[in-house]
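Subject: Handover of the two-chain model

Hello,

Here is the structure you are taking over. Please open it first, then read the notes below it.

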Amino acid sequence: MGHTWDFATILQNWPVLWVGIKGTVFIFVITVVLGLGGGLVVGVARYAKSPFLSWPARAFVEVFRNTPVLVQIIWFFYAFPILTGIETDPFLAAVLGISLNTMAFSAEIYRAGIQSIDRGQWEAGKAIGMTYNQTLRRIILPVAVKRVLPALTNRGIEVFKMSTLASVVGYVETLNQAKLIADLNYNPIESYTAVALIFFVVLFPVVQGTYVLERMLRKGD
Amino acid sequence: MSEILRIENLHKSFDDLEVLKGIDLTVQSGETVVILGSSGSGKSTMLRCVNFMESPTNGKIYLNGDLIGTERNGKMTYKEAELCTLRSRIGMVFQHFNLFPHMTVLENVLEGQVIVLGRAKMEARDKAMAQLERVGLAEKAFEYPSRLSGGQKQRVAIARALAMDPEVMLFDEVTSALDPELVGEVLKTMRQLAEEGMTMLCVTHELGFAYHVANRVLFLNEGIILEQGEPQSILKNPDTNRMREFLDGHSLFKLPD
């Protein structure tokens, strides 16, 4: 025991870490948009009356919800190119794994939100002559999405942390760069502590923000 | 007066349960028809079949002389687009108001006009304000529904339906969810509409409203129209024992005169 902390080597390598942070933010933005946006489409399909929509959506959700993201990323990197002939790179494999998984989880959140809306709202839209799609878009979704916003922000926070899994296939992000620094400077304790600190410093204020958001939403009801 | 709505041999079943067993009804333009009946008699289902909130199992519905749907081999088929157009021509007000909570009162009344009828914003706005004026709620235009009383919500719901320039209005127990104190303002609004010549079909338990406002009262029992007639005679001297029982049940605890 008795480790002497030395963060000097971390600070010296800050440009290396900074490249990683930019990689983390980049993949986060892509996957959170694809994941939460695509999840809305899957969630609506999951709720649809037509089995041609709801069954594929359900199959999709179950496959991606019940397999580990880490395995999905590795699979998209090593297995997918051989099976389909479509080339992937670390970035693409990680984006596929993380966003498809997020789509599956958020689809269930959206579906729960849609289901929580009183049937009378559907009836009111229908009674003034709106189509199913018009009622869904104008009446049901605005209220449903607002209702599940706290659950969605939670998902977003998960996605941000999940981005570290991309390092397993060699995508350049924070954890990957920290590993590089650790290998070169023999300071794994400081390197990985730095990664944890960076994530905490970014996420802590965001999480506080979601509490405020939740309170504001509750007041609006 | 001219015919505006005709229902022929209307049947409706939910799985094995036959709720409507052949309803025939012709409504004249400007008429106010009140539909009475105990719960389970099929009165709400009948109303909901008129604008295809429920699709009839059998039978035909004509609005302004036009048959709704297409007849093929003795069976009616309906296109969703045709039904949407039909619904936009018939106003409906519900027991639980069903206002859109994320929209202001004004936006509630604008929604159908703009999205369904494709009216220009300015025209729709003038129309909406005029209808809110009509139900006495113009000053609440920029409030959200959650800030209104039950009676006010229901009057907004009426304005929302009226803004579509409906040919017929359907009222489905619109005062049943209201505090007794608030029932009056809604009934007054409905009476005013009736006097202005709106064609109205009202499912209600308000016998007083039926007596004073209706041109005709129907009594539904077990899926058929058991009796119908002018309110003054049918409510005082019903022909059938079943309807007498029904009316007695309503006046069991009446205040003495």
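A polar contact here is a pair of N or O atoms within 3.5 Å; within protein, one must be able to donate a hydrogen and the other to accept it. By that rule, six residue pairs are in polar contact between chain A and chain B, both residues at pLDDT 80 or more. Please keep in mind that this is a predicted model.

**The interface**

On the chain A side, helix 6 (119-127) and helix 7 (132-162) each supply at least two of the residues that touch chain B. Helix 6 of chain A gives the largest share, eight residues. By class, this side of chain A has seven nonpolar, six polar and five charged residues.

In contact terms, 18 residues of chain A meet 21 residues of chain B. The two chains bury about 1,700 Å² between them. Of that area, 63% is on carbon and sulfur atoms.

The rule finds two salt bridges across the interface of chain A and chain B. In one salt bridge, the side chains of B:Arg48 and A:Glu123 meet at 2.7 Å, N to O.

Over all chains, the structure holds 24 salt bridges.

- B:Glu8 and B:Arg6: the closest N and O atoms are 3.0 Å apart. B:Glu8 is partly exposed, at 26% relative accessible area. B:Arg6 also counts as partly exposed, at 24%.
- B:Glu71 and B:Lys60: the closest N and O atoms are 3.2 Å apart. B:Glu71 sits in strand 6 of chain B and B:Lys60 in strand 4 (residues 58-63), so the pair ties together parts that are eleven residues apart in sequence. B:Glu71 is partly exposed at 41%. B:Lys60 is partly exposed at 22%.
- B:Glu196 and B:Arg134: the closest N and O atoms are 2.8 Å apart. This pair links distant parts of the chain, 62 residues apart. B:Glu196 is in the loop between helix 6 (180-195) and strand 10 (200-203) of chain B, while B:Arg134 is in helix 4 (residues 121-134) of chain B. B:Glu196 counts as partly exposed, at 47%. B:Arg134 is partly exposed too, at 27%.

There is also a network. Salt bridges that share partners join A:Arg119, A:Glu123, B:Arg48 and B:Glu54 into one.

**Helix 4 of chain A**

Where does helix 4 (residues 69-84) of chain A bend? The bend is at A:Phe76, by about 45°. A:Phe76 is also one of the buried residues of this helix. What covers the buried residues of helix 4 includes helix 3 (51-65), helix 5 (90-115) and helix 7 of chain A. After helix 4 of chain A comes A:Gly85, with a positive phi near 80°.

**A buried asparagine in chain A**

A:Asn13 lies in the loop between helix 1 (8-12) and helix 2 (14-47) of chain A. Is A:Asn13 buried or exposed? A:Asn13 is buried: its relative accessible area is 19%, and the cut-off for buried is under 20%. Its side chain reaches the backbone oxygen of A:Thr9 at 2.7 Å. Leaving out residues up to four places away in sequence, A:Asn13 touches A:Ile181 and A:Asn185.

Two residues here are not glycine, yet have positive phi.

- B:Asn73 has phi near 50°. B:Asn73 lies in the loop between strand 6 (70-72) and strand 7 (75-77) of chain B. At 82% relative accessibility, B:Asn73 counts as exposed.
- B:Asp165 has a positive phi of about 50°. The loop between helix 5 (150-162) and strand 9 (168-172) of chain B holds B:Asp165. B:Asp165 is partly exposed, with a relative accessible area of 40%.

Best wishes

Conventions:
Residues are numbered from 1 along each chain as its sequence is written. Chains are lettered from A and ligands numbered from 1 in the order in which they are written. This is a predicted model: local features need pLDDT of at least 70, side-chain atom pairs count only at pLDDT 80 or more; totals for chains, interfaces and linings use all residues. Side-chain values use heavy atoms; hydrogens and water are left out. Helices (H or I, at least four residues) and strands (E, at least two) are DSSP runs, numbered from the N terminus. Buried means under 20% relative accessible area, exposed over 50%, partly exposed in between (1.4 Å probe, protein chains only). Contact means heavy atoms within 4.5 Å. Buried area is the accessible area (1.4 Å probe) that two parts lose on being put together, summed over both. A salt bridge is a side-chain nitrogen of Lys or Arg within 4 Å of a carboxyl oxygen of Asp or Glu. Ala, Val, Leu, Ile, Met, Phe, Trp, Tyr, Cys and Pro count as nonpolar, Asp, Glu, Lys and Arg as charged, and the others, Gly among them, as polar. The bend at a residue is the angle between axes fitted to the seven residues ending there and the seven starting there.
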